[in-house]
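Please work through the following exercises with the sequence and the coordinates open beside you. Each one sets a task and then gives a solution in steps.

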Amino acid sequence: MLFDPARHEPLQAPAWDEARARAAIHAIASDTEQRLGSAYWPLHPLDAEGRDTSPAFPLYHGACGVLWGLRCLETVGAVPPGRSHDRLVEPLLALTRTSLAPYGPSQFSSYLLGETGILLLSYWSDPSDDTARALAQRILGNMENPTRELMWGSPGTMLVALFLYELTSDNRWAALFRQAARKLWSQLLWSDAHQCHYWTQDMYGETSTYLDAVHGFVATALPLIRGRGLLEAREWADWEQCIINTVSRSATREGSFANWRAWLEPADSSRMLMQFCHGSPGFVVCLAGMPAAELDELLIAGGEATWAAGPLRKGSNLCHGTGGNGYAFLKLFNRTHDSLWLERARAFAMHGIAQTEAHAARYGQLRYSLWTGDPGFAIYLWDCIRGKEAFPTLDVFFPLTPRST
């Protein structure tokens with residue numbers, strides 16, 4: 001089976017109500033502002049690992065991501081301007097470095113979990129030469145990271161180089177992007193069994209062959225697709241065929257539906273997930289910018305499977321919740337111009353609002369996290385209102401720059 005029904009719940013969505021969506025955005029932003037304290041935000045029980053309930057700080061699930069989310073909502077006009085939080089960004093560097101100390105200094109350059117995302121947020125407020133130099137050092141120093149994935153490795157910091165190039169048009173960022181892409185190309189492996197390329201990820205003490213949209217192959221494809229204009233024509237042609245081949249050969253089909261297992265090896269589809277971080281929704285989000293049409297039928301099949309599975313029980317969040325799956329529908333709407341996908345995205349939005357409200361009542365607080373909580377879902381609601389798609393910190397970091405408008 002392409003998904004586990006126990007991980008999903010029936011869609012219970014009233015008719016699309018833009019006023020309710022706007023009210024939910026304002027409620028999330030207002031509550032998030034009010035709950036900001038001296039230790040930033042309380043960690044949600046669902047984000048706590050084991051018994052560790054200390055606050056988190058990085059872009060993925062900590063204070064950096066929440067600060068970015070609030071500023072993003074203000075910048076795009078989703079909520080009125082609030083107080084400046086610029087002074088709260090720099091202290092996150094030391095706090096994050098302390099929290100990552102057990103992993104060793106090689107992980108400090110991580111985009112989503114380390115210092116690089118925080119430096120990029122700092123650069124948004126103050127584009128100083130010192131911050132630019134620090135970012136360049138993190139991008140360059142992360143190219144040999146053996147994780148070879150978005151969260152910790154060079155694909156994430158390659159995306160940072162791309163954001164900076166789009167913002168500044170400074171060719172040093174384009175050069176770093178190309179250097180990282182060529183290093184990744186040199187690290188590709190070939191599977192005789194599956195007749196496709198892949199990477200290994202040395203992560204958390206294990207070696208894996210992830211395919212997915214956080215740790216895997218398709219997450220690495222996203223910055224390559226977005227930044228293809230910075231590559232030589234022959235380089236992009238090779239990348240394009242590599243991506244199409246691996247994605248096509250690793251898909252699992254059932255009738256008009258498609259999904260992808262978490263790993264290339266072992267080729268075990270007994271535990272198929274249907275969420276952004278593992279499964280079709282992430283593949284659609286990461287691949288929807290492909291200029292060629294070879295994958296269109298497969299992406300639509302992935303979208304159909306996401307709709308058939310229904311909303312996720314884990315809540316409305318982006319990484320493994322209803323909002324992240326909904327972004328697949330927004331991507332397909334903007335790629336195909338078929339209004340059915342926008343209707344489905346908005347249906348998931350209405351369901352996600354109810355999930356957010358139910359979780360807040362149950363836990364006595366919102367979930368203050370960009371990727372795993374409510375600020376990220378508020379941005380999804382805004383994108384449903386405007387009928388556009390810009391997945392937070394993957395498609396956009398500096399809203400309203402030419403590439404992200």
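**Exercise 1.** In this predicted model, find which residue takes a positive phi in the hairpin of strand 5 and strand 6, and describe how the strands are joined.

*Solution.* Begin with the turn: two residues lie between the strands of this hairpin, and Gly-255 takes a positive phi near 60°. Next, consider the pairing, in which strand 5 (residues 251–254) and strand 6 (residues 257–260) run antiparallel and are joined by four bridges. Finally, take one of the residues of the pairing, Ala-251, and look for its bridge partner in strand 6, which is Trp-260.

**Exercise 2.** Determine at what angle the axes of helix 10 and helix 12 cross, and which residues meet there.

*Solution.* First, compare the axes: those of helix 10 (residues 280–287) and helix 12 (residues 322–336) come within 8 Å and cross at roughly 40°. An angle under 35 degrees would count as roughly parallel and one of 65 to 115 as roughly perpendicular, and helix 10 and helix 12 are therefore oblique to each other. As to the sense of the crossing, helix 10 and helix 12 form a left-handed one. Then list the residues in contact: helix 10 contributes Pro-281, Val-284 and Val-285, which meet Gly-324, Asn-325, Tyr-327, Ala-328, Lys-331 and Leu-332 of helix 12. Sorted by class, the contact of helix 10 with helix 12 holds six nonpolar residues, two polar ones and one charged one.

**Exercise 3.** Carry out the corresponding analysis for helix 10 and helix 11, and state how the residues of their contact divide by class.

*Solution.* The axes of helix 10 and helix 11 (residues 296–309) come within 8 Å, with a crossing at roughly 140°. That angle makes helix 10 oblique to helix 11, since only angles over 145 degrees count as roughly antiparallel. The crossing of helix 10 and helix 11 is left-handed. On the side of helix 10, Ser-280, Pro-281, Phe-283, Val-284 and Leu-287 take part, and they meet Leu-299, Gly-302, Gly-303 and Thr-306 in helix 11. By class, the contact of helix 10 with helix 11 comprises five nonpolar and four polar residues, with no charged residues.

Conventions: Residues numbered from 1 in each chain as written. Predicted model: local features only at pLDDT ≥ 70, side-chain atom pairs only at ≥ 80, totals over all residues. Heavy atoms only, no water. Pairing = 2+ DSSP bridges. Axes fitted to C-alpha atoms, helices over the stretch in contact; angles between N-to-C directions. Left-handed = near helix turned anticlockwise from the far one by under 90°. Contact = heavy atoms within 4.5 Å. Nonpolar A, V, L, I, M, F, W, Y, C, P; charged D, E, K, R; others polar.
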